[in-house]
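Please look at the sequence and the structure before reading on.

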Amino acid sequence: MVKETAPADWQIGKLYEKAWEIIKKNKVLWIFGAAIAGIGSSYSSSNFQSDDFKFFEKIFQQDSVPTNPGQLTQVLGATTDSSFGQILTQLTANIPSYFYFLLSIEVLAVVGVMLFFGILKSAWTTGGLISGTYLASEGKSVTIRDSSEKTFPHLRSLIWLQIVPSLVVFGGAVLAFGILTLVITLGPTPLKIIFGLLAVVGFIALLYILVFLFFSQIWAPRKVIIDQDPAKKALFSSYKIAKKKFWAMALLALVNSILGFIVVMVPLMLIGVIFALGFLGFRGNFNPVVILPLLPIIPVFIFGFLLLSGILTAFKATVWTLAYQKIRGKYDQDK
Amino acid sequence: MTKTSSAGFHLRLLAILIDWMILFLPHSLFWFFISLSSSLPEFGFGLFVYLLVWFLPSLALSFLYSSLLTYHFGGTLGKIFTGLTVTDEKGGRLTLKRTIFRQTVGYGFSFTLFGLGFLSVIKDPLKQAWHDKAVGSLVLKTINLWPVGLIILAVFAWLNFMFIWSGVDNFTYGPLLGQFSQVLKSLPN
């Protein structure tokens, strides 16, 4: 007895064709795409990156507030023998210790505020792009105004999706692996073996969670914007879809990544090759003045690159939105 | 019949320039006073005080300045001196949430692609920038005050220039540069 296979919910070629038609006609989507690409976050995954905290971490690298200039120069990585270290020693000679504490508080506050508005902007541009692609797929005109108005009521849900799942996974992983590491390092040998095995199982479980979180975060914002679901419900039903459509999603994500690589990396590599050839050609006779005529080209290049990244981001968002419309309501219901 | 019309790019640019000059004035004042230091430790202390008392707080203050003034008075000082008002699409006041969004996320959005969102005012029929479209706001010219705006811009620009120039002068011809050079000369080769 031949088992009938259900037809695939989408064909990548047809998705790409329709997405390209939409992107060509609606340049507003390029702007949202460029805004997302410009803040360095992928629309399809959480924007709450540990990178956001790197600057903040550097400030708090030291355990105690430095109390003398010599200690301060070591704290800031400069040796007292260097000119920079000597000048720094002089400049910080009169600064009381509590100033550093106040500075830390202020930097913390500034970073916090910037992080908040960064997350808000990321949520709004993601929502705007999804709204825009949905409106375009329905044959309606896409404007910044309409996309923005469609996103505003769901901002809280979009922000929740950006922060909470990643925080929970990150927090849970840190706690779990922290305990495992402690026991493995300090515990008796039988416990070390057991917890070592648990660590392996935990690592596999973490990989599973991260992969499905990544895939769930593709559908969840679409469920929020298109189906107007609250954030938690959107995330859990997206997880159901991700479990059932895992391989189809993986293939689409892989094709999108390859496309992204070709579109973005090939021009960059070509430019790199040109520069390398130019440098090798000059070698010992290299004169920086030669670069001067090329300087005006740099902002044009950056603009072009940002625009290209924006178009690519918008294209990929449109592909996923079209894919979502094919499976809407099919896999996220409880049977 | 309303006498207001949407403000064009030049007027909005004038308003922004006035705001920048006003917000930059405390920075140039601090620079001037720090440049009067007679020793490197005094200079370092002054720099630190500038960071603590003005530079870092100004990042929050500029956001409060633009959001609260726009919400309460329909515009920042730059817009007020140029005779411009920010309203919603019906001519009423923007809500506080939309105003804050406009002045923060909205402005950031307009900065995408090298400030193309601000330049879009030139071609837009309603003279809306991208941040205006995002929240549904309009910038209307309510009084023809641009000559006053120009004078205020010139005054603040001159003040900023004087303080910075004097600061550079103090630094170049005062004791500080000599002390920097002394420290560098005293180092072993």
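In which helix do R145(A) and E149(A) both lie, and how many residues apart are they? Both lie in helix α7 of chain A, four residues apart, about one turn of the helix. Helices here are DSSP runs (H or I, at least four residues), as strands are (E, at least two), numbered from the N terminus.

The structure is a predicted model, in which local features need pLDDT of at least 70 and side-chain atom pairs count only at pLDDT 80 or more, while totals for chains, interfaces and linings use all residues. Residues are numbered from 1 along each chain as its sequence is written, chains are lettered from A and ligands numbered from 1 in the order in which they are written, and side-chain values use heavy atoms, with hydrogens and water left out.

**Salt bridges**

A salt bridge is a side-chain nitrogen of Lys or Arg within 4 Å of a carboxyl oxygen of Asp or Glu. Over all chains, the search finds twelve salt bridges. The table gives some of them.

| Pair | Closest N and O atoms |
|---|---|
| K133(B) and D124(B) | 2.5 Å |
| R98(B) and E149(A) | 2.6 Å |
| D9(A) and K245(A) | 2.7 Å |

Relative accessible area (1.4 Å probe, protein chains only) sorts residues into buried (under 20%), exposed (over 50%) and partly exposed (in between). D9(A) has 10% and counts as buried; K245(A), also at 10%, counts as buried. D124(B) is buried at 13%. R145(A) is partly exposed at 21%, and E149(A) is partly exposed at 27%.

Salt bridges that share partners also join K223(A), D227(A), D229(A), K233(A) and R328(A) into one network.

**Between the chains**

The contact (heavy atoms within 4.5 Å) takes 39 residues from chain A and 36 residues from chain B. The buried area is the accessible area (1.4 Å probe) that two parts lose on being put together, summed over both. For chain A and chain B this area is about 3,300 Å², and carbon and sulfur atoms give 82% of it. Two salt bridges are found across this interface, one of them between R98(B) and E149(A).
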